[in-house]
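Hi everyone, thanks for coming along. Please have a look at the sequence and the model on the screen, and then I'll walk you through a few spots.

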Amino acid sequence: KLGDQDLQPNTTTFTAVINAYAKSSEKGSASKAEQLLAEMEQRSKKEIHLKPNTVTYNTVMNSLAKKKKERDAPERAKGILRNMMERYRSGEGDVKPNTISF
């Protein structure tokens, strides 16, 4: 058995990495943030401790907002916001959009 079960990644650790991408000027960093969000959404179906929350979604949208050279960034952010609102409406209270979301 590998690893320590007490040292598993969780929503906070994933969001911290997403935040690092949001602050990065590296090309493709916003896409990497989006990929991590998608991974969290997928994995959280079986691993509840990886469920993205409002902060996670806001951080990914913030990452996209900073990428002025990516012409499709606003549309991608809008899609994330729509996804967030749909999840909230379907009963996921941890992803309630707030003033930062808009």
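**A walk through the chain**

Before going on, a word on the source. This is a predicted model, where local features need pLDDT of at least 70 and side-chain atom pairs count only at pLDDT 80 or more, while totals for chains, interfaces and linings use all residues. Residues are numbered from 1 along each chain as its sequence is written, and side-chain values use heavy atoms, with hydrogens and water left out.

Back to His 49, then. Where does His 49 lie? Its place is the loop between α2 (29–43) and α3 (54–65). Helices here are DSSP runs of H or I with at least four residues, strands are runs of E with at least two, and both are numbered from the N terminus. His 49 counts as partly exposed, because its relative accessibility is 30%; buried means under 20% relative accessible area, exposed over 50%, and partly exposed in between, with a 1.4 Å probe and protein chains only. Beyond its neighbours within four places in sequence, His 49 is in contact (heavy atoms within 4.5 Å) with Gln 8, Pro 9, Asn 10 and Thr 11. Lys 23 is 26 residues from His 49 in sequence, and the two are 24 Å apart in space, C-alpha to C-alpha.

Now let's zoom out. The chain has 4 helices and 0 strands, running α-α-α-α from the N terminus on. For 102 residues, a compact globule would have a radius of gyration near 13 Å, and the chain agrees with its 14 Å. That radius is taken over C-alpha atoms, and the globule rule is 2.2 Å times the number of residues to the power 0.38. The C-alpha trace spans about 45 × 35 × 20 Å along its principal axes. Buried residues make up 37% of the 102. Of the contacts with a separation of 6 or more, 58% come from residues 24 or more positions apart.

Next stop, helix α3. Both Asn 58 and Ser 63 lie in this helix. Is Asn 58 buried or exposed? Asn 58 is buried, since its relative accessibility is 9%. Its side chain makes a polar contact of 2.7 Å with that of Ser 101. Not counting residues up to four places away in sequence, Asn 58 touches Met 84, Asn 98, Ile 100 and Ser 101. Ser 63 is buried as well, at 0% relative accessibility. With residues up to four places away again left out, Ser 63 touches Tyr 21, Ala 22, Ser 29, Ala 30 and Ala 33.

Last, two lysines. Lys 68 sits in the loop between α3 and α4 (73–89), and Lys 69 lies in the loop between α3 and α4 too. Lys 68 is exposed, with a relative accessible area of 77%, and Lys 69 counts as exposed at 84%. Lys 68 and Thr 54 are 14 residues apart in sequence and 23 Å apart in space, C-alpha to C-alpha. For Lys 69 and Gly 79, which are 10 residues apart along the chain, the C-alpha atoms are separated by 18 Å.

Note on methods:
Polar contact = N/O pair within 3.5 Å; in protein donor to acceptor, adjacent residues only side chain to side chain.
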